[in-house]
Amino acid sequence: MAALPSNGNGTEQGDGNGNGASSPPGAVAPMVDLQELCHWYGEGEMRRQVLQRVDLRIHPGEVVLLTGPSGCGKTTLLTLVGGLRQVQQGRVTVMGKALEGSSRRRRQQLRRHIGMIFQGHNLLRCLTAEQNVQMGSDLLPGLSYRARRDQAREWLRAVGLGDHLGKLPHDLSGGQKQRVAIARALAAHPKLLLADEPTAALDSRSGREVVDLLKRLAREQSCAVLMVTHDPRILDVADRLVEMEDGRLRVAPPLLATS
Amino acid sequence: MSELPAVGLLWRSRKIPLAWLLLTRQPVRLAVALAGISFAGILMFMQLGFRDGLFDASVTIHKLFDADLVLISPRTISSISMSGFPRRRLVQALGDPEVKGITPVNWNFLLWRNPQNKSTRSILAIGFEPNDPLFLDPSLKAKAQLLTQRDRVLFDELSRDEFGPVATWFREGRTVESEVGGKRVRVAGLVGLGPSFGADGNLITSRETFLRLLPDTPAGSIELGLIRLSPGADPAVVQQRLRNQLPKDVTVFTKKEFEESEKDYWRSSTAIGFIFTLGAGMGFVVGCVIVYQILYSDVSDHLPEYATLMAMGYPLTALLGVVGREGLLLAMLGYLPAYGVGQGLYALVRSATKLPVEMNSTRALVVFSMILVMCMGSAAMAMRRLADADPAEIF
Ligand SMILES: Nc1ncnc2c1ncn2[C@@H]1O[C@H](COP(=O)(O)OP(=O)(O)OP(=O)(O)O)[C@@H](O)[C@H]1O
Ligand SMILES: [Mg+2]
């Protein structure tokens, strides 16, 4: 994998949102910093709290797995971190940028640096595998078309699909599609990867392969990962396991390691 | 690439042509869309073509005259009732240094008796001095000498069949005689002019014969004066000069204005313009509905994919651009077949109806603009659906 496109790691973290104060002096600024995050759905009578004072910190390059029963608010948490939803209460700081009260446009800008992998692969049906991945690398500024295409091909080779460049999603298996999705997410050189049950549609063997691949590539790019999963067989890839219940986080017993 | 840095840069920074791929990877939908757009375009081409062709047909004869300027009576409003004015005015015009030649013309309708079944029908008679130039087409010159004999006429072989099998009989070598205005005339030759709005048929004769057939015509009165200018003269300048010199009992038109005034008469006095413009409008509306349906369902079908792109960090404007480019591509791809088929149908109409329907750049541009507005308008409407693409809903 020596030929992998390099992650332009000239990060501008902690660029003065007054958030540096919350991290201990000398420590690396966290990739994700959630403080007392609360979220509600619905209006009036129907208003229901799904996140209750969530605190979570993810460091650069760290792989965090989030588990918990269905409906406890995992996806909601992911969409808030990914800047897909407006923050209602509490503080969300991603790559040093405070998301509370941020405009649509700022969140969209931030999303360029966040890779997202969905439960369904969500590939563009009318694009080939290569073109789908290039939709990711097209977000990179300053690269020529050819350079972006070559990167897309490299990524597909990295996920083991070098022979399927020109295939439409329709002609790929579930696991292959999910690997294309991973390549697409990584092609934009994200510093943070959010994955929501990426193995849900896969059998256990290809699920395992996809997760291993995800972890290895993220490592090589020193990209932090926040992954939601129900799958007990893949918990061991985590640097840290976080469990959620009824909108609250509790640090899981086996892999305890937080400040 | 060094000599065209801007183009080179654009080429380098190009992206996946999403709009093109969205359209072409769904060939059936694309075909339906293009068929709809082309149909609308063809409909517009035909309706506008018929409209302009019909108006052109009102000046079939007008166009033939060898003239730069014409004199008519100010009381003349159309070719179906030309008023007379003193022939002296035309002779006066000859005093202008840039006027090279004049032709006095008499113009009126007569009753022609069908030599076969004896029914009568109104025919346009044009009288001139057989030695004067009349039409641009030089083939008339030789035939004009046949008119120096009294009571001879040249019959328009393109006249409608109701005037009798004159041309056929004449070509068979028979002597064709008929009664016009109660006097016997003989067909001395055939010319090809063509029917117009006002006249189903035409005949040309000498002024002498003309005055015999229409004895009520005041002596020294003509309905039309043709003026030819010396080469290089500016018709507008001479027109202005003549206007200042001549009394107000004549109107000086350029040949173009003469044709336009006739067309204007038919435009304002008939519903032709309205009917065919309405037809073209129908084509436009049908096209709008089809393109809107196609683009709207296209956006709806791909909503999760658009939302995915937004989640990846593509701005909404980029997605609006995709839909806009789809509209633009549809307009261009749909126009080409419409243009081609339009050309073919024009040729068909020309040969079947003798109507002067032709493709011209103005109409080609008008129809393209209509198709463009149709597609871009529909794209703009379909874009509103993009507001429903919520990236938060795709996890
Ligand atoms: N858009 C929404 N509007 C209203 N309620 C919602 C919405 N999305 C989720 N919810 C509710 O909020 C709660 C948390 O949903 P969320 O999707 O975050 O759960 P989850 O932990 O991801 O569940 P699962 O494991 O089944 O995916 C659920 O009870 C759900 O019904
Ligand atoms: Mg979920």
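Visitor: What does Glu98(B) count as, buried, partly exposed or exposed?

Guide: The relative accessibility of Glu98(B) is 25%, in a predicted model where local features need pLDDT of at least 70, side-chain atom pairs count only at pLDDT 80 or more, and totals for chains, interfaces and linings use all residues; side-chain values use heavy atoms, with hydrogens and water left out. Residues are numbered from 1 along each chain as its sequence is written, while chains are lettered from A and ligands numbered from 1 in the order in which they are written. Buried means under 20% relative accessible area, exposed over 50% and partly exposed in between, with a 1.4 Å probe and protein chains only. Glu98(B) therefore counts as partly exposed.

Visitor: With which residue does Glu98(B) form a salt bridge?

Guide: A salt bridge is a side-chain nitrogen of Lys or Arg within 4 Å of a carboxyl oxygen of Asp or Glu. The closest N and O atoms of the pair that includes Glu98(B) are 3.3 Å apart. The partner is partly exposed, at a relative accessible area of 28%, and its name is Arg241(B).

Visitor: How many residues apart in sequence are the parts that Arg241(B) and Glu98(B) tie together?

Guide: Helices (H or I, at least four residues) and strands (E, at least two) are DSSP runs, numbered from the N terminus. Arg241(B) belongs to helix H8 (residues 235-245) of chain B, and Glu98(B) to the loop between helix H4 (87-93) and strand S3 (99-113) of that chain. The parts so tied together lie apart in sequence by 143 residues.

Visitor: Which residue forms a salt bridge with Arg250(A)?

Guide: Arg250(A) is partly exposed, with a relative accessible area of 41%. The closest N and O atoms are 3.4 Å apart, and the partner is Glu245(A).

Visitor: How many salt bridges does the structure hold over all chains?

Guide: Some are linked in a network, which in chain B takes in Asp56(B), Glu260(B), Lys263(B), Asp264(B) and Arg267(B). Another pair in chain B is Arg184(B) with Glu177(B), whose closest N and O atoms are 3.3 Å apart. Over all chains, the number of salt bridges is 40.

Visitor: Which residue of chain B forms a salt bridge with Arg125(A)?

Guide: Between chain A and chain B the count is one salt bridge. Its closest N and O atoms are 2.5 Å apart, and the residue that pairs with Arg125(A) is Glu305(B).

Visitor: What is the area buried between chain A and chain B?

Guide: Contact, meaning heavy atoms within 4.5 Å, takes 33 residues from chain A and 27 residues from chain B. Cys126(A), Met135(A) and Tyr145(A) supply 21% of the area that chain A buries against chain B, more than any other three residues. Buried area is the accessible area (1.4 Å probe) that two parts lose on being put together, summed over both. Carbon and sulfur atoms give 61% of the total, which is about 2,800 Å².

Visitor: Which element gives the most residues to the side of chain A that touches chain B?

Guide: The elements giving two or more residues to that side are helix H1 (74-81), helix H2 (104-111), strand S6 (114-117), helix H3 (129-137) and helix H4 (145-158) of chain A. The one that gives the most, with four residues, is H3(A).

Visitor: What is the phi of Met95(A)?

Guide: Most residues other than glycine have a negative phi. Met95(A) is buried, with a relative accessible area of 4%, and lies in the loop between strand S4 (89-94) and strand S5 (97-98) of chain A. Although Met95(A) is not a glycine, its phi is positive, at about 50°.

Visitor: What is the phi of His189(A)?

Guide: His189(A) lies in the loop between helix H5 (174-187) and strand S7 (192-196) of chain A. At a relative accessible area of 11%, His189(A) is buried. His189(A) is not a glycine, yet its phi is positive, at about 55°.

Visitor: What distance separates the C-alpha atoms of Gly324(B) and Ala382(B)?

Guide: Gly324(B) lies in helix H12 (residues 316-353) of chain B and counts as buried at 11% relative accessibility. Not counting residues up to four places away in sequence, Gly324(B) touches Met376(B), Ala379(B) and Met383(B). Gly324(B) and Ala382(B) are 58 residues apart along the chain, and their C-alpha atoms are separated by 9.3 Å.
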